[in-house]
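The report below is written for a reader who wants the computed geometry of one chain set out with its cut-offs. Please look over the sequence and the structure before reading on.

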Amino acid sequence: MWLQQRLKGLPGLLSSSWARRLLLLLALLLVAYWYLGAARARRGAGRGAEPRGAAALCLQAATGSWRAQAERGDALPLPEEAVGDPGPGLALAGNGFLLLDVAAGRLWVSAAGSGGGPALATEYPALVRLRALGGRGEARAALAALRDGAVRRVRCVQTGPGAGAGDCVTVREEVVAHRSRPHLYLQRIRIANPTERVAAFEASAPASAPSLGSRFATSLEKAEERQFLLSSGRLLLPGSPKVVLMVVAAKKLVSRVQVAPKSHFDETVLSVVYTSEPIEVSRLEETFSKLRESAKKEMLEVMQMGVEDLFQEHQQTWSDLFISGVEMRKITDAHTPSSETVNMTLYYMLSSMPAPLLDPLISGEDREKMEASLNYADHCFSGHATMHAENLWPAKLTSVTQILQLSDLWKLTLQKRGCKGLVAAGVHGLMQGMVLSFGGLQFTENHLQFQADPDVLHNSYSLRGIHYNKDLINLAVLLDAEGKPFLHVSVKFQDKPVKLYACEAGCMNEPVELTSEARGHTFPVMVTQPITPLLYISTDLIHLQDLRHTLHLKAILAHEEHMAKQYPGLPFLFWFSVASLITLFHLFLFKLIYNEYCGPGAKPLFRSKVTVPDTIL
């Protein structure tokens, strides 16, 4: 019997040292595979498992449209730590004067006349908190609406014993810091109760919170048949005897909210914040009186307006800022920021920068000067592109302080690279400067030039809304089917059409007139020696025609020829040496195996026990 003989020969096989080592190695590999596979399965079960319970099912239905918004680049889901009531989440809404940490419910403000961002943290609890009474479970999510300048949150509270979404109450919140009214922020609350029972919530209004302490005093104000709360307090400045005074007028909200079965509850809390410049303690009463009057006046004004009108006014102003921007399409390396990182950085910077062009009190001369800098930012942006500057496009920000520090770093970088005029124009100029710096675009006296590094054009991205006089230019770096980069340019004329011309590196070909056609214009990526900009755009045709005679180039190469010269690969001798070593190793290995089993004195692979029959003599 063949199997019995092989089993009898197994001890002989194990007597070989190489067989024992091979079996030991296989055993170790099996143990490692089992351990790693079990750990991966546990992680997958923790991360990718579908949420269970009525609250989770309700949350999935309530946030069903968020995925499509995120795929379009219009919104970004916020991390889980930004959703809960406690903690320093990064669900932020701001307008340059106010900055709301929505997750922590904390308000940051700017001192009057400072001209900087909201760098002063307050102890004022800025938002209404709703606590469900009698809830059996909750699920929640948050989203930053990039093009609306808002933070949206959804909570699903399970109130009944059933396992369906119909047993849950949905609470939706939307928080905005009004972009064109810097002293105003709004919190819209919508509660939907599809169940058969009453849903009750305990509301903690900002002015009634116990954390106000002794630094704030609150009173109920009545004016023109309207009621609101007026809170006054002071902010201490580290290392200074001066203080900054703050007055907040907020709409009064009931302390207990009850939603009847099969009904809805809608409420929008308006808050108006005024601060003073740093003052001496002797001027407290006089300054408080002026701030209270200013807050009362604006509060009455916004309370007379429709809530939807205020939201639409804010969204229109914010969307005008996002006419400009950066869109990442294809990333092929780890050093280029992702689309989420770029969008979130732009959102944070716009939220922390004031908008002097929206100030109705700005003088005509200052407005004209800012608009001129915005339309043609001469000598901005000088230097190399910031696309791969990880400190300017950080992948993760964990606190409001880091965001404010990043805002200061961006302003300093732009000022040192010839963009002082854009920084002075506030949030509109900051957005323009960030877009120019990302791709290495620079305005000169006569043209706009695209001076990106040819070696990093393996990434695909687009820069939109580049101001050239009163027109908007869109520039994209795209890849063809073979992975070769090319440039795509389109123009959106804002006023009467003005002739714009463009030519690629070296301007050896006749400049092309840019039009507003939807298909745009394409240009090959040519690389000159020495390196010069990849594209020139100007309103002066003669200037571009003369430019070719002033560059004094040695050669003009196609992008693939340039890359072949930059990275020619390892020499032939290296690969020949590697191939020779591999061949010699395998020949030596074959010789060892042959001598072991086929050479003189080779040992049999299996040892069998031979039985000699007894011989009768």
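## Basis and overall make-up

This is a predicted model, in which local features need pLDDT of at least 70 and side-chain atom pairs count only at pLDDT 80 or more, whereas totals for chains, interfaces and linings use all residues. Residues are numbered from 1 along each chain as its sequence is written, and side-chain values use heavy atoms, with hydrogens and water left out.

The secondary structure of the chain comes to 15 helices and 28 strands; helices (H or I, at least four residues) and strands (E, at least two) are DSSP runs, numbered from the N terminus. Of the 617 residues in the chain, 45% are buried, where buried means under 20% relative accessible area, exposed over 50%, and partly exposed in between, with a 1.4 Å probe and protein chains only. Among contacts in the chain with a separation of 6 or more, 66% are between residues 24 or more positions apart, a contact being heavy atoms within 4.5 Å.

## The packing of H8 and H10

Two packed helices are described by the angle between their axes and the distance between the axes. For helix H8 (residues 339-351) and helix H10 (residues 400-416), the angle is about 90 degrees and the axes are 10 Å apart. The axes are lines fitted to C-alpha atoms, for helices over the stretch in contact, and angles run from 0 to 180 degrees between N-to-C directions. H8 and H10 are therefore roughly perpendicular to each other, given that angles under 35 degrees count as roughly parallel, over 145 as roughly antiparallel, 65 to 115 as roughly perpendicular and the rest as oblique.

On the H8 side the contact is made by Thr345, Tyr348 and Met349, and on the H10 side by Ile403, Leu406, Ser407 and Trp410. These residues divide into 5 nonpolar, 2 polar and no charged, where Ala, Val, Leu, Ile, Met, Phe, Trp, Tyr, Cys and Pro count as nonpolar, Asp, Glu, Lys and Arg as charged, and the others, Gly among them, as polar.

## Disulfides and other cysteines

The structure holds 2 disulfides, a disulfide being a pair of cysteine sulfur atoms within 2.5 Å. With the bonded cysteines numbered in sequence order, the pairing is 1-2, 3-4. Cys380 and Cys419 form a disulfide with their sulfur atoms 1.8 Å apart, and this link is right-handed, with 90 degrees about the S-S bond. Cys380 lies in the loop between helix H9 (364-375) and H10, and Cys419 in the loop between H10 and helix H11 (420-424), so the pair ties together parts that are 39 residues apart in sequence. Both Cys380 and Cys419 are buried.

Cys503 and Cys507 form a disulfide with their sulfur atoms 1.7 Å apart. Cys503 counts as buried at 1% relative accessibility, and Cys507 is buried with a relative accessible area of 0%. Cys168 is in no disulfide, and the nearest cysteine sulfur, that of Cys58, is 4.7 Å away; Cys168 counts as buried at 1% relative accessibility.

Ser460 lies in strand E20 (residues 460-468) and is buried, with a relative accessible area of 6%. The side chain of Ser460 reaches the backbone oxygen of Val477 at 3.0 Å. Not counting residues up to four places away in sequence, Ser460 touches Met328, Arg329, Lys330, Val477, Leu478 and Leu479.

Ile323, in the loop between helix H7 (307-321) and strand E17 (325-330), counts as partly exposed at 41% relative accessibility. Beyond residues up to four places away in sequence, Ile323 touches Arg464, Gly465 and Leu472. Leu534, in the loop between strand E26 (526-529) and strand E27 (535-538), counts as buried at 1% relative accessibility. Leu534 and Gly506 are 28 residues apart in sequence and 7.9 Å apart in space, C-alpha to C-alpha.

## Backbone geometry

Most residues other than glycine have a negative phi, and most peptide bonds are trans. A cis peptide bond joins Cys380 and Phe381, with omega about 10 degrees, and the peptide bond from Gln529 to Pro530 is cis as well, with omega near 0 degrees.

Cys507 has a positive phi of about 50 degrees although it is not a glycine, and its place is in the loop between strand E23 (500-504) and strand E24 (512-514). His552, with a positive phi near 55 degrees, is found in the loop between helix H13 (541-547) and strand E28 (555-558) and counts as exposed at 63% relative accessibility.

Technical notes. Polar contact = N/O pair within 3.5 Å; in protein donor to acceptor, adjacent residues only side chain to side chain.
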